[in-house]
Amino acid sequence: MAQRLLTRIFGGALGLGLGALTIGSSIYTVEPGERAVIFDRFRQGVLDTVSEEGLHFIIPWVQWPIFYDVRTKPKPIKRECRTKDLQTVRVLIRVLYRPEVSKLPQTYRELGVDYDEKLLPSFGYEILGSEVAQYDAGELITQREAVSRKIREALVNRSEQYGIILDDVSIIQVTFSKEFTEAIEKKQVAQQEAERSKFLVEKAKQEKMAAVIRAEGEAEAARLIASATGPSFIQLRQIEAAKEVAEQLSKSPNVSFIPQTANFLYQLPN
């Protein structure tokens, strides 16, 4: 009797355990920023549906979810390239990418979960080499925005074919060879020296013109003074000098003025 009771209890516990395991295996959760595709053992492949965020059900031991991160993520791509003038340059770009949700089943069938590691470095390596080869080394510096735009367009067009969306492509760094960098620095120094020499020549020219204009002005002033010093001018200067002397003497108490009229003495008091 007791043995039968224990058997029933064990069987009930086992049934509850298997039931709980079955229920747990039939439920899965898609977290925020994720999507899931379902692999079906009987159909031997991935279903065409994509599971959104939230709680979902599957057939235990027959189906299981495969999760994808659909948030935008950065990925650096670096390559050593040759320019049109055969200079060696290292280019580092950064792409912001995410999978196209509606194409996730196709992405899994063709590429698996690590689609980004399989495609983006390959695409980037190929496109960087072909695009950089269309420009001279100097053009990579002066036309950086145009180069970045062409690389972006080529990468976007190629990635869309495989269900990858590129939100941004930017050139992060362009590094030239040591020899080319030294040549650029020497060229810049030479340009600065040429600009400085040009400035000094222009400065000397302006100073020479200023000296000529000043000399001409002084000569004109001397001519005007010489033309103004006639007899009338000399007489005027004599009158002004006499007036100044008279004003000084009038202020002295020991000096008296005697008029030039002859009858001055008759007017003196007795």
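These are my notebook entries on what I looked up in this predicted model.

**Ground rules**

I number residues from 1 along each chain as its sequence is written, and I keep in mind that side-chain values use heavy atoms, with hydrogens and water left out. Since the model is predicted, local features need pLDDT of at least 70 and side-chain atom pairs count only at pLDDT 80 or more, whereas totals for chains, interfaces and linings use all residues.

**Overall**

I began with the secondary structure and found 7 helices and 8 strands in the chain, where helices (H or I, at least four residues) and strands (E, at least two) are DSSP runs, numbered from the N terminus. Of the 270 residues in the chain, 24% are buried; buried means under 20% relative accessible area, exposed over 50%, and partly exposed in between, with a 1.4 Å probe and protein chains only. The accessible surface of the chain is about 19400 Å², and carbon and sulfur atoms account for 57% of that surface; these areas come from the Shrake-Rupley method with a 1.4 Å probe, and for residues only the protein chains shown count as cover. I then looked at contacts (heavy atoms within 4.5 Å), and among those between residues at least 6 apart in sequence, 65% join residues at least 24 apart.

**The sheet and its helices**

I traced an open sheet of 3 strands in the order β6-β7-β8, with antiparallel pairing; two strands pair if DSSP finds at least two bridges between them. Its edge strands are β6 (73–82) and β8, each of which pairs on one side only. On average, neighbouring strands of this sheet are turned by 20° against each other, direction ignored; axes are lines fitted to C-alpha atoms, for helices over the stretch in contact, and angles run from 0 to 180 degrees between N-to-C directions. The antiparallel pairing of β7 with β8 extends over 11 bridges, and I noted that Y97 has L166 in β8 as its bridge partner.

Two helices lie across these strands. Helix α3 lies across β6, β7 and β8 and runs at about 35° to β6, while α5 lies across β7 and β8, at about 140° to β8.

**Nonpolar cores**

Which residues touch the most other members of the largest nonpolar core? I found I93, I151, L155 and L166, within a core of 33 residues; a nonpolar core is a set of buried Ala, Val, Leu, Ile, Met, Phe, Trp, Tyr and Cys residues joined through side-chain atoms within 4.5 Å. At least two residues of this core come from each of β5 (63–69), β6, β7, α3, α4 (137–142), α5 and β8, and α3 gives the most, with 7 residues.

**Salt bridges**

My search of the whole structure gave 12 salt bridges, each being a side-chain nitrogen of Lys or Arg within 4 Å of a carboxyl oxygen of Asp or Glu.

One of them joins the side chains of E53 and R35, at 3.6 Å from N to O. E53 lies in the loop between β3 (45–51) and β4 (54–57) and R35 in strand β2 (residues 34–40), so this pair ties together parts that are 18 residues apart in sequence. R35 counts as buried, at 15% relative accessibility, whereas E53 is partly exposed, at 43%.

Another is formed by R98 and D167, whose closest N and O atoms are 3.1 Å apart. This pair links strand β7 (residues 88–99), which holds R98, to strand β8 (residues 164–176), which holds D167, and the two residues are 69 apart. R98 is partly exposed, with a relative accessible area of 28%, and D167 is partly exposed too, with 31%.

**G33**

Lastly I checked G33, in the loop between β1 (27–30) and β2, which counts as buried at 13% relative accessibility. G33 touches E53, Y68, D69, V70 and R71, not counting residues up to four places away in sequence. From G33 to Y68 the C-alpha to C-alpha separation is 8.6 Å, although they are 35 residues apart in sequence.
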